[in-house]
Amino acid sequence: MSYQYVVRSKKDKTGGEEKVRYYGVPVVTGQILTSELAEEVADRCSLTRGDVLAAISELSAVMKMWLSGGYSVNLDRIGSFSLSASSPGCVTPEECTPGKVKAQRVCFKASPEMREIVEKVKFEKKK
């Protein structure tokens, strides 16, 4: 299986003088929807499409609950989800109050099994 890429230019302003550099950027071919994933999962096991959709829906709700409670969520052979947070720099530890700490995003770290695709994907330039 191959993954397409396009070449994009970007200005490099490091080192004093401005240089243009070119980078290969992956092209997303499309998007798979939950309903399509559910159909494929149902085809591979004894669950119905509706069962899989219900499980995904509840998985989302349960993951939000645990993430908002300070836990990371590890899905076997998929990876771990966790929240990242940040605050402005404070001069003293006492100034770093709970009101200054804000959640930034949900982070995902792929499992070793999921990262295997990184080594197997071959790229071809999009025409």
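Is Lys11 buried or exposed?

1. Lys11 is exposed, with a relative accessible area of 53%, where exposed means over 50%, buried under 20% and partly exposed in between (1.4 Å probe, protein chains only). This is a predicted model in which local features need pLDDT of at least 70 and side-chain atom pairs count only at pLDDT 80 or more, while totals for chains, interfaces and linings use all residues. Residues are numbered from 1 along each chain as its sequence is written, and side-chain values use heavy atoms, leaving out hydrogens and water.

2. The side chain of Lys11 meets that of Glu18 in a salt bridge at 3.8 Å, N to O, the term standing for a side-chain nitrogen of Lys or Arg within 4 Å of a carboxyl oxygen of Asp or Glu. Glu18 is partly exposed, at 48% relative accessibility.

3. A further salt bridge joins Glu39 and Arg49 at 3.2 Å, N to O. This pair links distant parts of the chain, with Glu39 in helix α1 (residues 34-44) and Arg49 in helix α2, 10 residues apart; helices (H or I, at least four residues) and strands (E, at least two) are DSSP runs, numbered from the N terminus.

4. The largest nonpolar core has 5 residues, Met63, Leu67, Val73, Leu75 and Phe81, a core being a set of buried Ala, Val, Leu, Ile, Met, Phe, Trp, Tyr and Cys residues joined through side-chain atoms within 4.5 Å. To this core, α2 and β3 each supply at least two residues.
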